[in-house]
Amino acid sequence: MNLSKILKNGILVLIASLVLSACATQKKTTTGQIQSDVYTGSDSVEYLASGVPDRVFFATNETVLTTASRETLRKQAGWLRKNSKFSVVLEGHADERGTREYNLALGERRANSAKDYLMTYGISSDRISVLSYGKERPVDSGSNPLAWSKNRRSVTVKAN
Amino acid sequence: MLLRYFFILIVLLPLKAFALIEVDITRGNLNPLPVAVSPLSIDEESRESFKKILKKENIGSEIAIVVENNLKQSGLFNPLNKDAFLQKPDIANLKPRFEDWNLIKAQALITGKVTFVDKKLRVEFRLWDVLAGKEMMALAFTTVPSNWRRVGHIITDKVYERLTGETGYFDTRIIYVAEEGLKTNRIKKLAIMDQDGFNNKFLTLGNELVLTPRFSPTNQMVTYLSYFKNLPRVYLLDIETGMQEVVGDFPGMTFAPRFSPDGKKIIMSFAKDGNSDIYTMDLENRIVERITNHPSIDTSPSFSPDGKFITFNSDRSGYQQIYVMNSNGKNVKRITFGNGLYGTPVWSPRGDLIAFTKLHKGKFYIGVMRTDGTGERLLTENFYQEAPSWSPNGRVLIFYRETKTNSKGEGFSAKLWSIDLTGYNEKMVETMTDASDPSWSSLLNN
């Protein structure tokens, strides 16, 4: 191994360690709670039953369900099938970074996107109603991206 | 609300045709006109009578203060300090010594007289051009004593009209949402107050969430969104009787209501299965018409003052933008193409402009543009503000602003603000509680 090769490898190692540390800092800022603008933590989450989270989260201005959201909703559908006496209200919410009226519509759309998914798993629409709160009922009163990500949600609430 | 019939207005003298002073309202408040508002003179007997009825030591001075505050708030006038006034109110009203008023640099002078006649409040007032040494206007009103603040507002409207050439906006009210409590569980009530913040009244108790109240053209009715029984629906409220009713029988959320300019219809959004479209309902025959039919969110509709067009908010392009269409829903045209998101379009009562909220790079702006989307002007930038509503003369916008909370989520507040169309004279509008969703009435005494 000549000197130039040693130097080259050394530089490569150096670059690799820089990349790694960059990843580490990025992870730190999101503390693993937001991925692609969607909240992935469990701070505000409650449970309909053991292992059945009550809410799913959305990206800014989005109503698309993430993979994790679909998994949560499949668990909810399973729980609803087993507990046929229950009806649910899907409460759709938006963060504070939008106009009030548009956010009411957005909340309604988010709750419906959860409803549609539950229905594809055989839950009758008779058992699901939808209620949008727009930006009126945040769970986190913070004015920062993490708080906003927790507030962009559809929450499944037992109606009876 | 139908108080307009209680006013009898008399023109005392023919108006002089040539005004030497005038205020240019198109250029902001760089040079507010110095004006002296003399306390209205009052005889001892009248003063005593009003003191008994209204619990005010001197109603003549009180009315003058209302006028003075209005003029000051407008940003176009600079009311001078009364301590410098040399002439007594009664003599000033008969024949002002113009040299005295000139000395304190007043360009316009308002004088007047209050009397107690047949249990009524009679007010006469005069507007004088100090430099020309001429009377510009003389009017008298008779009304019930409890209307005394409104007399002050009407005087201001007349003065504003005479000096700017445009109708005023002072004898008006604001309906808004009074807020209190935690940000995560706000208690909201409908409230109404005079344009200057006085005579505040709560119209609902706060048991259910209420949002976005808007006046009917005659100011007697209000349409708003209520979460009564957790069913968000558009409601109609008669301010005089307190009667409330749901607008229409929709199987889902209705929201974003406004009246048509003739007051006969409510225009609003109806959300179903994740799709919001715009509908109207005729208040007489209850016929519901669907105006838009698009799988996007269509909301925040607002009629043009002639009723021929509707501006609204839609995300059919992928993002929130502003559109204009014929009142039958035909000929939909997108009018905003700038960077950022656009919402809450509201047509000016003069018909020439649309005010809006814009979100761009994490900031919220209140702006105006022509009705084809050209000539965009952003008037004010902030962390969060939205929902402009026009003064009836189309010169001033009122909107609400929310503060950014600290790292602990504390320090939230919502307040009403107003700003001149020129972008000058931005002012907080005092309210008893936190406040949002303001809507400006038309002139009450019209």
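Student: Which order do the four strands of the open sheet that begins with E11 of chain B have, and with what pairing? Please continue from there to the parts of the model around it.

Tutor: This is a predicted model, in which local features need pLDDT of at least 70, side-chain atom pairs count only at pLDDT 80 or more, and totals for chains, interfaces and linings use all residues. Residues are numbered from 1 along each chain as its sequence is written, while chains are lettered from A and ligands numbered from 1 in the order in which they are written.

The open sheet has the order E11-E12-E13-E14 in chain B, with antiparallel pairing. Strands (E, at least two residues) and helices (H or I, at least four residues) are DSSP runs, numbered from the N terminus, and two strands pair if DSSP finds at least two bridges between them. Strand E11 (210-215) and strand E14 (244-246) of chain B are the edges; each has a single partner strand, so one side of each is left without a neighbour in the sheet. On average, neighbouring strands of this sheet are turned by 25° against each other, direction ignored; the axes behind that angle are lines fitted to C-alpha atoms, for helices over the stretch in contact, and angles run from 0 to 180 degrees between N-to-C directions. Within the sheet, strand E12 (residues 221-226) and strand E13 (residues 233-238) of chain B run antiparallel and are joined by six bridges. In this pair, Met221(B) stands opposite Asp238(B) of E13(B).

Another open sheet of four strands in chain B has the order E15-E16-E17-E18, with antiparallel pairing. Its edge strands are strand E15 (254-259) and strand E18 (288-290) of chain B, each of which pairs on one side only. Here, neighbouring strands are turned by 25° against each other on average, direction ignored. E15(B) is joined by four bridges to strand E16 (residues 265-272) of chain B, and the two run antiparallel. Across this pairing, Arg258(B) stands opposite Ile267(B) in E16(B).

Met268(B) lies in strand E16 of chain B. A residue is buried if 20 or more other C-beta atoms lie within 10 Å of its own, exposed if 12 or fewer, and partly exposed in between, with C-beta atoms placed from the backbone. Met268(B) is buried because 28 other C-beta atoms lie within 10 Å. Two residues are in contact if their C-beta atoms, placed from the backbone, lie within 7 Å. Leaving aside neighbours within four places in sequence, Met268(B) is in contact with Val234(B), Thr254(B), Phe255(B), Ala256(B), Pro257(B) and Tyr279(B). The C-alpha atoms of Met268(B) and Ser302(B), which are 34 residues apart along the chain, are separated by 8.9 Å.

Ala256(B), one of those contacts of Met268(B), is found in strand E15 of chain B. Ala256(B) has a positive phi of about 55° although it is not a glycine, and it counts as buried, with 30 C-beta neighbours inside 10 Å. In chain A, Ser36(A) has phi near 50°, a positive value in a residue other than glycine. Ser36(A) lies in the loop between strand E1 (34-35) and strand E2 (38-39) of chain A, and counts as exposed with 8 C-beta neighbours inside 10 Å.

In total, 32 residues of chain B are in contact with 23 residues of chain A. At least two residues of the side of chain B that touches chain A come from each of E11, E15, E16, strand E19 (298-303), strand E23 (341-347) and strand E27 (385-390) of chain B. That side divides into 12 nonpolar, 15 polar and five charged residues, where Ala, Val, Leu, Ile, Met, Phe, Trp, Tyr, Cys and Pro count as nonpolar, Asp, Glu, Lys and Arg as charged, and the others, Gly among them, as polar.

As to confidence, the model scores ipTM 0.93 and pTM 0.91. The mean pLDDT (the predictor's confidence in each residue, from 0 to 100) of chain B is 93, and 94% of its residues reach 70 or more. Over residues 1-5 of chain B, however, pLDDT stays under 50.
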